[in-house]
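Hi,

Here is the structure I promised to pass on. Have a look at it first, and then read my notes below.

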Amino acid sequence: MPSPKAKNPGRSGSSSGGSPVLGSSNGRYEFMSLTKPLNRSSPSHLLQRQGSDPSTARLRASESPSRRRGSGSSSGSASGQGPPEEDGIRLNPSFIRVALSSLLAIDLWMTKRLGVCACEDSSWGSVRPLMKLLEISGHGIPWLAGSAYCMYKSDSAAGQEVMLNLLMGLLLDLILVGTVKAVVRRRRPVHNRMDMFATYSVDRYSFPSGHATRAAMCGRFLLAHLVLAAPLRVLVLLWVGLVGLSRVLLGRHNVTDVLFGFWMGFCQYNLVELLWLSPQTLQGLLGQSG
């Protein structure tokens, strides 16, 4: 009877202390390569031994997607830059940028649509002379000259006090508006014609509208100190709104220039009330300087 050991040399080789190998007919051992695909006809005990090999387990673990994801997360946490923090940092600047871009686009579109008196051949070109008259009524030179003349001709101390503070408010308006225009340097709309009355170097810039700031400040000043009758108060409010509207219809300013100018002029009046000068205060200041 043939011996069982002769029929299964691989088993005898494994029992003699050799490595997990495939036996051959010439009695030499053939080691399996880890890089070659596994033969489906291999015995089940070889598959179990290959899976239990430490080098094979390490190779499979290194090629595992979950291990790669884990290593990436661990390296990200080690460097201190996690995706949630980056998303939180980038969210606010991008949102603000998109909001400002949208607001600018709407502003330019509305300015172009409302500039119907920008030139004589515009759709409302016949109304342009009336708009230019409103432009002159809100200019700084007539207001400065009128305030100085009224203060000089006033017989009462109360009238002189009011005209003095109005004059100081107009000077303050010129300084603040000129400073903001020089800092922002926003160009006027492209359809504007530079035929404005008595312009200066900073008047080539658009933001904010000096006519709007002056109209808002002077309107509040007149309603608080000079105009008491209800019909005249309505006319003052109507004049303030028409002066701001004329700046857009003539193509002098963008819509946001006028809106910001109204807000700025409203706040300037509060500053004038805070720095209110009485004749006694003015005489004291002049006496100390003398």
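A quick definition before anything else: helices (H or I, at least four residues) and strands (E, at least two) are DSSP runs, numbered from the N terminus. This is a predicted model, where local features need pLDDT of at least 70 and side-chain atom pairs count only at pLDDT 80 or more, while totals for chains, interfaces and linings use all residues. Residues are numbered from 1 along each chain as its sequence is written, and side-chain values use heavy atoms, with hydrogens and water left out.

On to the chain as a whole. It has 13 helices and 2 strands. Of its 290 residues, 31% are buried, where buried means under 20% relative accessible area, exposed over 50%, and partly exposed in between (1.4 Å probe, protein chains only).

Now find helix H9, residues 157–184. With 28 residues at 1.5 Å each, H9 should span 40 Å, and its end C-alpha atoms are 41 Å apart, so the two agree. (The expected span is 1.5 Å times one less than the number of residues.) Among the buried residues of H9 are Leu-166, Leu-167, Leu-170 and Asp-173.

What sits on either side of H9? Ser-154 lies in the loop between helix H8 (140–153) and H9. Ser-154 is buried, because its relative accessible area is 17%. Leaving aside neighbours within four places in sequence, Ser-154 is in contact (heavy atoms within 4.5 Å) with Gly-159 and Gln-160.

Just after H9 comes Arg-185, with a positive phi of about 60 degrees. Most residues other than glycine have a negative phi, and most peptide bonds are trans. The peptide bond from Phe-207 to Pro-208 is cis, with omega near -5 degrees.

Last, a pair of helices. At what angle do H10 (residues 210–225) and H12 (residues 255–274) pack? The angle is about 40 degrees, with the axes 7 Å apart. That makes H10 oblique to H12: angles under 35 degrees count as roughly parallel, over 145 as roughly antiparallel, 65 to 115 as roughly perpendicular and the rest as oblique. Axes here are lines fitted to C-alpha atoms, for helices over the stretch in contact, and angles run from 0 to 180 degrees between N-to-C directions. The residues that meet include Ala-212, Ala-216 and Phe-221 in H10, and Gly-261, Gly-265 and Tyr-269 in H12.

Cheers
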